[in-house]
Amino acid sequence: CHGSVVEYKGNAYMFTAPSGTGKSTHARLWRENFGEDVIMINDDKPLLKFKEDGVYAYGTPWDGKHCLSTNRCAKLAGICFLHQAETNHIERIGADKSVELLMNQIYRPQDAKAILKTLDYGDMLLKEVPMYSMGCNISKEAAQMAYDAMKNEYTIIWRKTMKIKEGFVLRNMGGQAVVVSIGSASKIFNGMVKLNETGEYLWKKISDGASRNDLINSLLEKYD
């Protein structure tokens, strides 16, 4: 991914934009405003890794013309798309605005299978990391505004896959979704659980390997 990543108070913040916009300048403003507490993870091409508890940004040797990088990683709290402006302003944006912005800043391999995998990762990134659009100048106020906005909205998102307890199956009886125990599980629980529409929907999603975050997003889409 093309961008500058700084670490502050244990979290990573990425600033991305077309070359020449000022992402490195904005990262410098963070170092000037917050001092030695800010660590420059990478100033040009960081790597992003998906873990169970979130997305992590890593330093790499590809660190831009200023050669700013550190061999470390931190959990990514937000990605901010920068553009130049006379006055500072920042807003949280959804996938409708961030898809194109993100695609313009990520590496696109030529191999067909690889690009499909990249698109999958991009989808996960949009779902799990808050996205922002910021118009900014070169004042220290810009760094403070960015941090205040991004730290307040950051929440930890768990990617751990949920599983159905072994020994329980879902069946439909006369239009009613029911869960019953089988095998050794029936010795512990010999009853039946009736599920409403939402319960049945979640059961099937979990059976397909959905994570907690997947379930949240699915419900929001289904009942929006």
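Helix H3 (112–128) contributes four residues to the lining of the largest pocket, the most of any element. Helices (H or I, at least four residues) and strands (E, at least two) are DSSP runs, numbered from the N terminus. A pocket is an open set of points on a 1 Å grid over the protein atoms alone, where a 1.4 Å probe fits, with protein on both sides within 12 Å along at least five of seven lines; lining residues have an atom within 4 Å of a point.

Please note that this is a predicted model, in which local features need pLDDT of at least 70 and side-chain atom pairs count only at pLDDT 80 or more, while totals for chains, interfaces and linings use all residues. Residues are numbered from 1 along each chain as its sequence is written, and side-chain values use heavy atoms, without hydrogens and water.

Strand S4 (47–51), like H3, supplies at least two residues of this lining. Of the 16 lining residues, Cys1, Leu47, Leu48, Ile106 and Tyr107 lie nearest the centre of the pocket.

I turn now to a sheet. Its three strands run in the order S9-S10-S11, with antiparallel pairing, and the sheet is open; two strands pair if DSSP finds at least two bridges between them. Strands S9 (168–173) and S11 (192–195) are at the edges with a single partner strand each, so one side of each has no neighbour in the sheet. Strand S10 (residues 176–181) is joined to S11 by four bridges, and Val178 has Lys194 of S11 as its bridge partner. Helix H5 (residues 197–207) packs on this sheet and touches S9, S10 and S11, where contact means heavy atoms within 4.5 Å.

How values were computed
Axes are lines fitted to C-alpha atoms, for helices over the stretch in contact, and angles run from 0 to 180 degrees between N-to-C directions.
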